[in-house]
Amino acid sequence: MADERDSRRDNSYRDDKGRQRPQSRRDPRRQRSALRPADRRRAADPARRAAYDVLRAVDRGAYANLELPRILRSAGVHGRDAAFATELAYGTVRMRGLYDPIIEIAAGRPATEIDPPVLDTLRLGVHQLLGMRVASHAAASETVALARSVNGAGAAGFVNAVLRRVSERPRESWVAEVTAGRDRDEALAVEFSHPAWEVRALRTALLAHGASTEESVDGDLVRLLAAHNDPAAVALVARPGLSDVAELVEAGAEASALSPVGARLESGDPGAIPAVRQTRAAVQDEGSQLLALALAAAPVDPADDASPAVGAAGGDLDTDGSEERWLDLCAGPGGKTALLAALGAQQGAVVFANEISEHRADLIEQTLRAATDAGIEVMVGVGDGRDLGEEEPQAFDRVLVDAPCTGLGALRRRPDARWRRQLGDVPDLTRLQGELLASAVAATRPGGLIAYTTCSPHAAETRVVVDDAVRRGDVELVDARTYFRDAEGRQVDGLGDGPTVQLWTHLHGTDSMFLALLRKTPPTGPDAPTSEDS
Ligand SMILES: C[S@@+](CC[C@H](N)C(=O)[O-])C[C@H]1O[C@@H](n2cnc3c(N)ncnc32)[C@H](O)[C@@H]1O
């Protein structure tokens, strides 16, 4: 039967309510709405609107994990709706590196030529279609309703047309199309939604740390990238002497198999746990827990008169000389300081925390509230850690350098983290890391230990920085693997070739943290003290 619209002689047609509409409205090149009129008028659902607001804020430079709770609160979105908004917002931010090329094909124009607020709406729609278990018609109609309320009626038609095209094919078919013709790492970058330089750096890191061979690296890299897209359970630490794992289990968490002081919370708000609210426990990656435990557990050589850890400091940093002195050189916001303070209190050590940012130093004080209330004293100072070695030479028995880094090992935690760093950031960071480590070495007494750590496995930020420090002299590497003990007291598996340790998100379920343990060697040469001097 011929389409009756073809036989109309005038330049108009009637819509389904019988109203006259101009011909241009039914141009066959235009996509007809997949929606019933009732759907077209529907107001935006508050959870989707909240997710949209998060995306807009992230585009303006905000952090998704800080914006989301604020937006949910002010929109009054709770419970299952809040969980939906979280999955939608975080998943979309994470996966936009895959979604944008798909949108470009479906829209027939580059993403840069789409108005950014409309692009964000499209990304949300594509995530519902290809990344969540939302029925296609609901994903499309709800996203078009959102577009109408936030982007305007014209944009809503465009969003409807693009989403219709996206919904016509399954995810695998889109992935095959948008990765075709790209080199291996660029294809992985698109499929797993990472900047390509990060994929290349992670490939090099897997090889550099001995986690992969040339044969296994492709598969390992895929597992690592996929793990970054898999939201993590919340990891909790029970600060020793202030809380314990049993208290966290009682509150609904599951004891960690990896960290003797850790637990995992699969669902629920960690802030609702009294021990967390009171800072006796906290949210902390199990990798961070393990490396603080390792620094506390590794033996230092006994201090002798020729290598005291006291005397040089003076002022605020004086202790009575009977306790070990531990320094956290880059401490803000204090997660590791708090664990070290709790461990130090049990081992007769006093902890000093240094941080360059005043705001982050204030956060350290907040993190330490329960420790302070329990009488554990931590001295917090604000200053450039690069100066401390000169100001406090040989003043400490153990020094932690938790260096500012690209954060390439913590991409799973923060959905926007992968998009924040640039390849060009690496040289400045590695210079700073080298200077901080040199300062830490100067601040450590002979026989004392330095823990150099990053939440990045990038070879330039880890192996290269440490190799340079060893080459400069005054330190030797200790096999850090010995001190990585799981909840059963066994050495943790898969730590690499040693003597440094590299944890991996896809192997350990932690951030991909790096640790080098370095022992300060006694001075040698003509000025070195001899036994006759004492
Ligand atoms: C990786 S974060 C430390 C995280 C902390 N250890 C924790 O567990 O909560 C690195 C910190 O180093 C600080 N920082 C950056 N440059 C610094 C410098 N030159 N001296 C001291 N701290 C610095 C940053 O402000 C940031 O707080």
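Predicted model: local features only at pLDDT ≥ 70, side-chain atom pairs only at ≥ 80, totals over all residues.
Me: What separates the centres of domain 1 and domain 2?
Reply: The chain is divided into domain 1 (29-172) and domain 2 (285-522), with bounds from an automatic or database domain assignment. Taken over C-alpha atoms, the separation of the two centres is 42 Å.

Me: What is the handedness of the crossing of α2 and α5?
Reply: Helices (H or I, at least four residues) and strands (E, at least two) are DSSP runs numbered from the N terminus. Axes are lines fitted to C-alpha atoms, for helices over the stretch in contact, with angles from 0 to 180 degrees between N-to-C directions; those of α2 (residues 46-59) and α5 (residues 116-130) come within 10 Å and cross at roughly 130°. The pair is therefore oblique, since under 35 degrees counts as roughly parallel, over 145 as roughly antiparallel, 65 to 115 as roughly perpendicular and the rest as oblique. A crossing is left-handed if the near helix is turned anticlockwise from the far one by less than a right angle, and right-handed if clockwise; that of α2 and α5 is right-handed.

Me: Which residues of α9 meet α4?
Reply: The axes of α4 (residues 79-107) and α9 come within 6 Å and cross at roughly 95°. That makes α4 roughly perpendicular to α9. Contact requires C-beta atoms, placed from the backbone, within 7 Å; on the α4 side are Gly97, Leu98 and Pro101, and on the α9 side Ala189, Val190 and Glu191.

Me: How do the residues of the contact of α10 with α11 divide by class?
Reply: The axes of α10 and α11 (residues 217-228) are 10 Å apart, at an angle of about 120°, and the helices are therefore oblique to each other. Val199, Leu202, Arg203, Leu206 and Leu207 of α10 make the contact with Val217, Asp220, Leu221, Leu224 and Leu225 of α11. Ala, Val, Leu, Ile, Met, Phe, Trp, Tyr, Cys and Pro count as nonpolar, Asp, Glu, Lys and Arg as charged, and the others, Gly among them, as polar. The division is 8 nonpolar, no polar and 2 charged.

Me: Which elements each supply at least two residues of the shell around the ligand?
Reply: The ligand is surrounded by 18 residues, the closest being Cys330, Gly332, Gly335, Gly385 and Asp402; a residue is near a molecule if its C-beta atom, placed from the backbone, lies within 6 Å of it. By class, the shell has 5 nonpolar, 7 polar and 6 charged residues. The elements with at least two residues each are α15 (335-347), β8 (349-355) and α18 (385-391).

Me: Where is Pro333 found?
Reply: Gly332, among the residues closest to the ligand, is joined to Pro333 by a cis peptide bond with omega of about 0°. Pro333 sits in the loop between β7 (324-328) and α15.

Me: What is the omega of the peptide bond from Gly498 to Pro499?
Reply: Pro499 is in the loop between β12 (475-478) and β13 (501-502). The bond from Gly498 is cis, with omega near -10°.

Me: What is the phi of Ser193?
Reply: Ser193 is in the loop between α9 (184-191) and α10 (196-208). Although Ser193 is not a glycine, its phi is positive, at about 55°.

Notes
Residues numbered from 1 in each chain as written. Contact = placed C-beta atoms within 7 Å.
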